[in-house]
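Here are my notes on this model, point by point. Please keep the viewer open while you read.

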Amino acid sequence: MELDRVKALIKMLQDANLSHLEIDDKQGHIILKQKLSEPATQTVVPTASQQAEIEAEKTINAPFVGTFYVSEQPDKAPMIKAGDTVAVGQSVGIIEAMKMMNEVKSEVEGTIDKVLVSNGETVEFDQPLFTLKD
């Protein structure tokens with residue numbers, strides 16, 4: 001495996017803030033690991049009763065880890081906000097992961113009740129982003 005490719009993979013690991021990256025292809029097999037430091041931002045963790053309430057509601061969840069954005073461009077209006085009606089397959093936000101922008105599409109229909117994350121916030125896999133009411 002070329003040194004330049006290994007350096008690029010290390011940069012990808014660091015830029016995406018991943019703890020583990022494993023590549024197995026025709027050029028070889030490589031495993032990269034890094035110890036992640038605690039983030040400087042404060043994360044609000046819902047209490048058990050709040051989490052149970054969120055889980056009982058209909059939600060749109062993050063399909064993967066990354067940074068959540070409410071619009072396609074910083075100067076554009078949010079794709080969706082509280083009170084808007086969403087349909088299955090409708091784009092509701094963007095998650096940036098490994099320098100790639102990926103649309104988040106609703107898997108349910110309903111009316112947005114609450115927006116649970118802020119623009120630019122790091123989200124975890126399956127973290128609720130929005131709650132919906134019928």
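1. Basis. This is a predicted model, in which local features need pLDDT of at least 70 and side-chain atom pairs count only at pLDDT 80 or more, while totals for chains, interfaces and linings use all residues. Residues are numbered from 1 along each chain as its sequence is written, and side-chain values use heavy atoms, with hydrogens and water left out.

2. The open sheet. Strands here are DSSP runs of E with at least two residues, numbered from the N terminus. Two of them pair if DSSP finds at least two bridges between them. Four strands make an open sheet, in the order E3-E10-E8-E5, with antiparallel pairing. Its edge strands are E3 (58-61) and E5 (85-86), each pairing on one side only. Within the sheet, E8 (residues 110-115) and E10 (residues 128-133) are antiparallel and share four bridges. Threonine 111 has lysine 133 in E10 as its bridge partner. As background, strands of a sheet pair through backbone hydrogen bonds, either parallel or antiparallel.

3. Aspartate 84. This residue sits in the loop between E4 (66-69) and E5. Which residues does aspartate 84 contact, leaving aside its neighbours within four places in sequence? They are Gly110, Thr111 and Ile112, where contact means heavy atoms within 4.5 Å. Aspartate 84 and threonine 111 are 27 residues apart in sequence, yet their C-alpha atoms are 5.6 Å apart. The aspartate 84 side chain also reaches the backbone nitrogen of lysine 81, at 3.0 Å.

4. Strand E6 (91-97) is mostly covered, with six of its seven residues buried. Buried means under 20% relative accessible area, exposed over 50%, and partly exposed in between (1.4 Å probe, protein chains only). E6 runs antiparallel to E4, joined by three bridges. E6 also runs antiparallel to E7, joined by six bridges.

5. Serine 91. Serine 91 lies in E6, and its bridge partner in E7 is lysine 105. Is serine 91 buried or exposed? It counts as buried because its relative accessibility is 17%. Its side chain makes a polar contact with the side chain of glutamate 103, at 3.0 Å. A polar contact is a pair of N or O atoms within 3.5 Å; within protein, one must be able to donate a hydrogen and the other to accept it, and residues adjacent in sequence count only if both atoms are side-chain atoms. Not counting residues up to four places away in sequence, serine 91 touches Met79, Glu103, Val104 and Lys105.

6. Glutamate 96. Glutamate 96 is also placed in E6. Threonine 67 stands opposite glutamate 96. The two are 29 residues apart along the chain, with 5.1 Å between their C-alpha atoms. The side chain of glutamate 96 makes a polar contact with that of tyrosine 69 (3.3 Å). Beyond residues up to four places away in sequence, glutamate 96 touches Gly66, Thr67, Tyr69 and Met101.

7. Positive phi values. Most residues other than glycine have a negative phi. Methionine 98 takes a positive phi near 55° in the hairpin of E6 and E7, which has two residues between the strands. Lysine 99, in the loop between E6 and E7 (100-105), has phi near 65°. Lysine 99 counts as exposed, because its relative accessibility is 62%. Aspartate 126, in the loop between E9 (122-123) and E10, has a positive phi of about 70°. At 42% relative accessibility, aspartate 126 counts as partly exposed.

8. The E1-E2 hairpin. E1 and E2 form a hairpin with two residues between them. E1 (residues 20-25) and E2 (residues 28-33) pair antiparallel over six bridges. Leucine 21 stands opposite leucine 32 in E2.

9. The second largest pocket. Its volume is about 170 Å³, the space filled by probe spheres set on grid points joined across faces, edges and corners. On a 1 Å grid over the protein atoms alone, a pocket is an open set of points where a 1.4 Å probe fits, with protein on both sides within 12 Å along at least five of seven lines; lining residues have an atom within 4 Å of a point. The lining consists of Tyr69, Val70, Ser71, Glu72, Gln73, Pro74, Ile94, Met101 and Asn119. It divides into five nonpolar, three polar and one charged. Ala, Val, Leu, Ile, Met, Phe, Trp, Tyr, Cys and Pro count as nonpolar, Asp, Glu, Lys and Arg as charged, and the others, Gly among them, as polar.
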